[in-house]
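Q: I would like to learn how to read a helix in a protein model. Could we go through one together, step by step?

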Amino acid sequence: MSWEQRPSPNHGGERVVTLGVVIHSTRGNTGSQELEYRATLSWFANPASQVSAHRVIGFDGNGAVCVDDDLIAWHAADHNAAWLGVELTQPTIHDTYSDAQYLALRELLTMWGAKYGFPLDRSHLVAHSEINSQKTDPGPAFDWSRLDGDLEDDVDKAEIERALGVVWG
């Protein structure tokens with residue numbers, strides 16, 4: 001796994017607290033994994049898009065650093081200030097995630113958990129769809145059990161509600 005530097009202008013100042021990670025998928029419907037990866041980086045580099053994530057992980061497991069880990073990326077609206085964001089390339093909701101993506105994601109989550117002091121459980125690693133009912137990512141193709149080991153299988157909705165300040169519908 002390697003990380004290329006692909007800075008996005010779409011970010012805020014320094015994060016004061018880090019509660020965990022929001023996991024996203026790209027779903028740009030570009031037709032291929034490579035095009036999806038490049039299109040996502042191009043979109044994040046465009047100031048008009050007003051969106052970004054800290055990292056993007058391509059199908060081959062390599063990725064890009066778009067926003068410095070200590071800054072606020074613009075990926076989850078009201079949750080940007082306290083949550084890191086990672087995008088996994090997935091051209092459509094029907095495309096699967098690769099072994100390399102799961103491996104790279106696990107390594108990244110482990111590094112972030114150690115750096116920022118949050119546990120690697122489902123209260124601190126959330127799907128975009130879990131904090132925004134209008135989103136569907138990372139979707140049904142994402143297998144939380146593939147992150148295994150340190151992750152708990154059950155979502156503690158009460159803990160997520162406390163951390164995010166939201167109520168589940």
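A: Let us begin with the terms: helices (H or I, at least four residues) and strands (E, at least two) are DSSP runs, numbered from the N terminus. Read along the sequence, this protein follows the pattern β-β-β-α-β-β-β-β-α-β-α-α, which comes to four helices and eight strands. This is a predicted model, in which local features need pLDDT of at least 70 and side-chain atom pairs count only at pLDDT 80 or more, while totals for chains, interfaces and linings use all residues. Residues are numbered from 1 along each chain as its sequence is written, and side-chain values use heavy atoms, with hydrogens and water left out.

Q: How many residues does helix α2 have, and what span does it reach?

A: The expected span of a helix is 1.5 Å times one less than its number of residues. Helix α2, residues 99-116, has 18 residues and reaches 26 Å from its first C-alpha to its last, close to the 26 Å expected.

Q: Which residues of α2 are buried?

A: Buried means under 20% relative accessible area, exposed over 50%, and partly exposed in between (1.4 Å probe, protein chains only). The buried residues of α2 include Leu 105, Leu 108, Leu 109 and Trp 112. Seen down the axis of α2, the buried residues fall within an arc of 165° (taken from the directions from the helix axis to the C-beta atoms), so they line one face of the helix.

Q: Which exposed residues does the face turned away from the buried side of α2 carry?

A: That face of α2 carries Asp 99, Leu 103 and Ala 114.
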